[in-house]
Amino acid sequence: MAEFIALIPAAGSGSRIGEDMPKQYCLLAGKPMIYHALNTLYRVDRITTICVVLAPEDIWWTRYDWGEFADKIQVINCGGVTRAESVTNGLKTLRAAKHIQDQDWVLVHDAARPGLSIALVERLLDQLVADEVGGLLAVPLADTLKRANDMDRVECTEPREQLWQAQTPQMFRTKLLLEALEKAPENITDDASAIEALGYSPKLVMGDTNNFKVTYPQDLKLAELILQERY
Ligand SMILES: Nc1ccn([C@@H]2O[C@H](COP(=O)(O)OP(=O)(O)OP(=O)(O)O)[C@@H](O)[C@H]2O)c(=O)n1
Ligand SMILES: C[C@](O)(CO)[C@H](O)COP(=O)(O)O
């Protein structure tokens, strides 16, 4: 039977947040940011393995004790220059070690989304387990959308109906995701884009704004508030 494998790309530098450590290790609610995504994915019973992809030069991971996740976690120092490369390298390493099969589902989740909840992961699994393609968590756009000209003046207001903001996890079968990533254009920013480029249409599953990506310095405060409420 197909298994559910989570893969957390955690080889980014966090240049936009400008901290003196990679973003995924910034402390939130007293723990490194990546702990929170790991802790949520770990507590989803259907997920059997969580693969964490670190940068080859990572010096932060071993400073913490990850023993509570020992029965599900696999850590690989094979991150690449882009997120897509980190995901691809992680999947290839798992496949070469026969830790993942072609038909297994992979849930790719950013280390930088600490607000993920168990309920959201369960919703994603329930809605996609029988799907032919797979899909992703996403939220409908909340704000009015303006297109700017070169002078930062409004050129027009774009209709926002049917526009969604992509979140993670993004869930696809191993074989399809690897094929898609290997053929994908260089500038893709998420896994679903690679699948789309093959001509498939991933399903959008309702996410939650608490599952936002910590990107800029001001995002840390909001994430801290969300997590303090949880623990
Ligand atoms: N070469 C990369 C780049 C990103 N990521 C991971 O992909 C997720 C989303 O990345 P993002 O926050 O967009 O990138 P960062 O490099 O972390 O930040 P920035 O773009 O601001 O430098 C994060 O968990 C990040 O660690 C990765 O594994 N390998
Ligand atoms: C994968 C992602 O989190 C979906 O929103 C996102 O694409 C990460 O990259 P970005 O360059 O920060 O958009």
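Trainee: How is the shell around ligand 1 divided by class?

Mentor: The shell around ligand 1 holds 6 nonpolar, 8 polar and 5 charged residues. The model is a predicted one.

Trainee: How many residues surround ligand 1, and which are the closest?

Mentor: Ligand 1 is surrounded by 19 residues, and P9, A11, S15, K23 and S86 are the closest. Two elements, β1 (4–10) and α2 (83–96), each contribute at least two residues to this shell.

Trainee: What makes the pair of A11 and ligand 1 a polar contact?

Mentor: A polar backbone atom of A11 lies 2.9 Å from an oxygen atom of ligand 1. The cut-off for N or O atoms is 3.5 Å, so the pair qualifies. The side chain of R16 also has a polar atom 2.9 Å from an oxygen atom of ligand 1. At V81, a polar backbone atom is 3.1 Å from a nitrogen atom of the ligand. Of the 560 Å² of accessible area that ligand 1 has on its own, the protein covers 88%.

Trainee: Where does ligand 1 sit?

Mentor: Ligand 1 sits in the largest pocket.

Trainee: Which residues lie around ligand 2?

Mentor: Around ligand 2 are R16, R83, D110, R113, A166, T168, T189, D190 and K213. By class, this shell has 1 nonpolar, 2 polar and 6 charged residues.

Trainee: How many aromatic pairs are counted?

Mentor: The count comes to 5 aromatic pairs. One of them joins Y25 and W60.

Trainee: Why is the pair of Y25 and W60 called stacked?

Mentor: The centres of the two rings are 6.1 Å apart, and the planes make an angle of 20°. The centres are within 6.5 Å and the planes under 30 degrees apart, so the rings pair and count as stacked.

Trainee: What does this pair tie together?

Mentor: Y25 belongs to the loop between β1 and β2 (27–28), whereas W60 belongs to the loop between β4 (47–54) and β5 (73–76), so the pair ties together parts that are 35 residues apart in sequence.

Note on methods:
Residues numbered from 1 in each chain as written. Chains lettered and ligands numbered in written order. Predicted model: local features only at pLDDT ≥ 70, side-chain atom pairs only at ≥ 80, totals over all residues. Heavy atoms only, no water. Near = heavy atom within 4 Å. Polar contact = N/O pair within 3.5 Å; in protein donor to acceptor, adjacent residues only side chain to side chain. Areas by Shrake-Rupley, 256 points an atom, 1.4 Å probe, with all protein chains shown as cover. 1 Å grid on protein atoms, 1.4 Å probe; cavity = no way out; pocket = protein on both sides within 12 Å on 5 of 7 lines; lining within 4 Å. Sits in = over half its atoms within 2 Å of the grid points. Helix = DSSP H or I, 4+ residues; strand = E, 2+ residues; numbered from the N terminus. Nonpolar A, V, L, I, M, F, W, Y, C, P; charged D, E, K, R; others polar. Phe/Tyr/Trp six-rings, centres within 6.5 Å; stacked < 30°, edge-to-face > 60°.
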